[in-house]
Amino acid sequence: MANEIIADAGGDETKVALTEDGELVELYIENNNAERLVGSIYRGRVVSVLPGMQSAFVDIGYEKNAFLYVDDAIQPGEFSDEDAEVCREREPEGLSIEKILKPGQAVTVQVIKSPAGAKGPRVTSYVSLPGRNLVLLPNADYVGVSRRIENEAGRVKLKKIAEKLKPKGMGLIIRTASEGMRADDFKHDLQFLTDLWNGIKRKEKRGRTPRCLHMELNLVLRAVRDMLTGDIGKFVINNWDWYARAVELAEKICPKLKCRIEYFGKDADIFEHYGIKHQISRALAKKIWLKCGGYLVIDRTEALTAIDVNTGKYTGEASFNETILKTNLEAAEEIAKQLRLRDIGGIIIIDFIDMHKPEHQLIVMNALKSALKKDRTKTSVVGMTGLGLIEMTRKKARQELSSSMTVECPYCKGVGRVLPAEAAPWQGLRMSSHD
């Protein structure tokens, strides 16, 4: 079964699901009444500068001030990671935030991370404008190729093309969708992005501060731009207006794939029709059962996410070591899927079932890295600790699925447990301590 994109664009929320062989692997949710922050560009004003944190707070017109770290507020030097999808790695030696920004100063910034809890959005002064095949970096004189393009000869060829096309004083990143393309295939995309940036610069010079200079595309249109690739069999949308806009955008940026966009006009729930609704509940569960009978337990804390692997009902058919290896291999595949689906970011610790053979540890580690290659979000497997725990990180850009679809329980206050009835006298004390 081919990969499919299913878009539920009715009501107050837009939901876009990506399925692989009928299985839900990515889910995106956007409130249609809320401002689209991540990717949008603002003309803001510095409210305060904090030398002790090497950061500043910027008023961009949002209810909470945005956070601008020193690394995102300085001029770029040499970039060390040429394969990054978006390059923000810099060497700020000797520079401090108070030498760069002053309270009251107007700055143009782009939101790179959505607000979470009491924290406001995170912003950068290094704007990146994504197109279908290219990312334009107006403030970075740099050329790079997506790390997901693995063919070395192809990478070298694409980098040479980018070096020739790159506008003076600007940078370009070749996106994954560009694999195998020729120089002429990029010219339309590049012209569109440079025109867009010139328009933003013109807006920058007039109007009040703070204000929005450029709003990121709606979720459906972002899916057309970023997700509609050759391996997508069909893209189904249940809203006629957004279907028409999606076809119009596809005509401009990927005309060969326009025919794969379909309108779902049935009087039925599109997610129910494609079997996605029941899969969403699995994405919110703490315990995930594996096909072999083992299971995962996923626990989220303030600092990190811990994933525990258990044999469960699985007893195996061969030796004890082979049983553990098979469970861990299936778990590695499922963990990669759950990270994508739940959009878990930050530090992740995985406690696989103890493996005494070093070759088995290596097999499982490689299986996890291989499964993570399907993830469009940047991940990094650090390695295995002395306790046999695998450490990894996954880039954070937006709220995790559990945060966007659930609210904190008013009875347990997020603990996940409540006192029994016989402990009622203590319940009042415990609750009052939180108030």
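Is Cys-292 buried or exposed? Select Cys-292 and show the surface: this cysteine is buried, because its relative accessible area is 16%, and buried means under 20%, exposed over 50% and partly exposed in between, using a 1.4 Å probe on protein chains only.

Before moving on, know that you're looking at a predicted model, where local features need pLDDT of at least 70, side-chain atom pairs count only at pLDDT 80 or more, and totals for chains, interfaces and linings use all residues. Residues are numbered from 1 along each chain as its sequence is written, and side-chain values use heavy atoms, with hydrogens and water left out.

**Another cysteine**

Now pick Cys-212, which is partly exposed at 32% relative accessibility.

**The rings**

Next, colour the aromatics. The whole structure holds 6 aromatic pairs. For a pair, rings of Phe, Tyr and Trp (its six-membered ring) need centres within 6.5 Å; planes under 30 degrees apart are stacked, over 60 edge-to-face, and the rest tilted.

Zoom in on Trp-240 and Tyr-263: their ring centres are 5.0 Å apart and their planes are at 90 degrees, so this pair is edge-to-face. It links distant parts of the chain, with Trp-240 in helix 5 (residues 240-253) and Tyr-263 in strand 15 (residues 261-263), 23 residues apart. Helices here are DSSP runs (H or I, at least four residues), as are strands (E, at least two), numbered from the N terminus. Tyr-263 is partly exposed, at 39%.

Now select Phe-264 and Tyr-274. Their ring centres lie 6.1 Å apart with planes at 55 degrees, so this pair is tilted. Phe-264 sits in the loop between strand 15 and helix 6 (270-273), and Tyr-274 in the loop between helix 6 and helix 7 (277-284), so the pair ties together parts 10 residues apart in sequence. Phe-264 is buried at 5% relative accessibility, while Tyr-274 is partly exposed at 23%.

**Charges over rings**

Show Arg-245 and Trp-242: the arginine lies over the ring face, 4.2 Å from the ring centre. Then try Lys-287, which lies over the face of Tyr-295 at 4.5 Å from the ring centre. The rule is NZ of Lys or CZ of Arg within 6 Å of the ring centre and within 35 degrees of the ring normal.

Most residues other than glycine have a negative phi, and most peptide bonds are trans. Go to Thr-209 and Pro-210, joined by a cis peptide bond with omega about 10 degrees. Pro-210 lies in the loop between helix 3 (187-204) and strand 13 (211-214). Then click Asp-21, where phi is positive, near 55 degrees. Asp-21 is exposed, at 56%, in the loop between strand 2 (13-20) and strand 3 (23-31).

**Last stop: a pocket**

Finish by selecting Arg-300, Thr-301, Glu-400, Ser-402 and Ser-403, which lie nearest the centre of the second largest pocket, among its 39 lining residues. Helix 10 gives the most to this lining, with 4 residues.

Key. 1 Å grid on protein atoms, 1.4 Å probe; cavity = no way out; pocket = protein on both sides within 12 Å on 5 of 7 lines; lining within 4 Å.
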